[in-house]
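This report covers the salt bridges of one protein model. The sequence and structure come before the details.

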Amino acid sequence: MSTIKGWTGTRGQRLGTLGTVLLLRATAALPNRWRSQLGGLLGILVMTLVGKTRRVVDINLAIAFPDWSESQRRQLRWRNFQELGRTALELGPLWSRPLPQSLAMVCEVVGEEAVDDALALGRGVILFTAHLGPWEAAVLYTGQRWPITGMYRALRNPGLDALMRQGRERSGARQLNKERGIRPLFRALKRGEVIGILTDQNVDPKEGIFAPFFGHPACTTPILARLAARDAVPVFGMFAYRLANGAGFRIEFVPMPVSFPSGDDVADAAGMNAQMEAAIRKSPEQYWWVHRRFKDQPALSPVPY
């Protein structure tokens, strides 16, 4: 990543972009094990200093694991912040190392043959994922594996936005600003390609559907079922996991049931959430618990934050 297209913005934004580039290059140069250890320390530092974020994590863990003891949830919170630090620092090797070295960090892949078979049907494929583990590694991997289009939320800093887009697109993926709407996704499916979407974040109640997530109502996007319903498009969950001690990444592709979508928006949203929940429960410390996933609630229901 020698140059950044779109190096614009205010002076403060340009300095922020420069600092980020230097940090990415520095962490890219570290041995994987050292970077993993440093990321864990960074996460603990953030947990200690940022009480507001720590409180959000505590609330989310209490909702998701009500049967756990307070001590168990504190231990999970500690490990979660360590993993968040690793998530931040691994952007260096993913976006700044030579591409073959970055892709070599993905050392285990399960289920991709089923995606190949689904693509052969000619209707395209939808991959949905969550902010779980090294999801940026999954973006990089799929970009060199299939023709894929993803949607993302643009950053306010145009330099950082360009940096993120270049990092995600350098293996071949195409990234579209979500402000363009979903028509480009339909066109990609018509071409028999893959589209990728993140579906685990809270959405505006005007656009979303309340469906259970870890047993609690969560305002959920209905876009997955609506995209799939157009031409009976095959749908897979795509979930990435970080292996211990900087050993690399594992990516799993999990097909949705053949009954999806059912035509019932609530049932389909619940089914999607259930698959994400099952993936998160495999390694809950690697999930993005810092997000206020339950900040919108049905009428008359209390907001937990």
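## Glu193 and Arg191

In this predicted model, a salt bridge joins the side chains of Glu193 and Arg191, with an N to O distance of 3.1 Å. Arg191, at 46% relative accessibility, is partly exposed.

## Glu252 and Arg250

Glu252 pairs with Arg250 in a salt bridge whose closest N and O atoms are 2.7 Å apart. Glu252 is buried, at 9% relative accessibility. Arg250 is partly exposed, with a value of 25%.

## Asp58 and Arg77

Another salt bridge runs between Asp58 and Arg77, where the closest N and O atoms lie 2.9 Å apart. Asp58 belongs to helix H3 (residues 51–64) and Arg77 to helix H4 (residues 70–89), so the contact ties together parts that are 19 residues apart in sequence.

In this pair the acidic residue, Asp58, is partly exposed at 31% relative accessibility. Arg77 is buried, and its relative accessible area is 16%.

Key. Residues numbered from 1 in each chain as written. Predicted model: local features only at pLDDT ≥ 70, side-chain atom pairs only at ≥ 80, totals over all residues. Heavy atoms only, no water. Salt bridge = Lys/Arg side-chain N within 4 Å of Asp/Glu carboxyl O. Helix = DSSP H or I, 4+ residues; strand = E, 2+ residues; numbered from the N terminus. Buried < 20%, exposed > 50% of the residue type's maximum accessible area, 1.4 Å probe, protein only.
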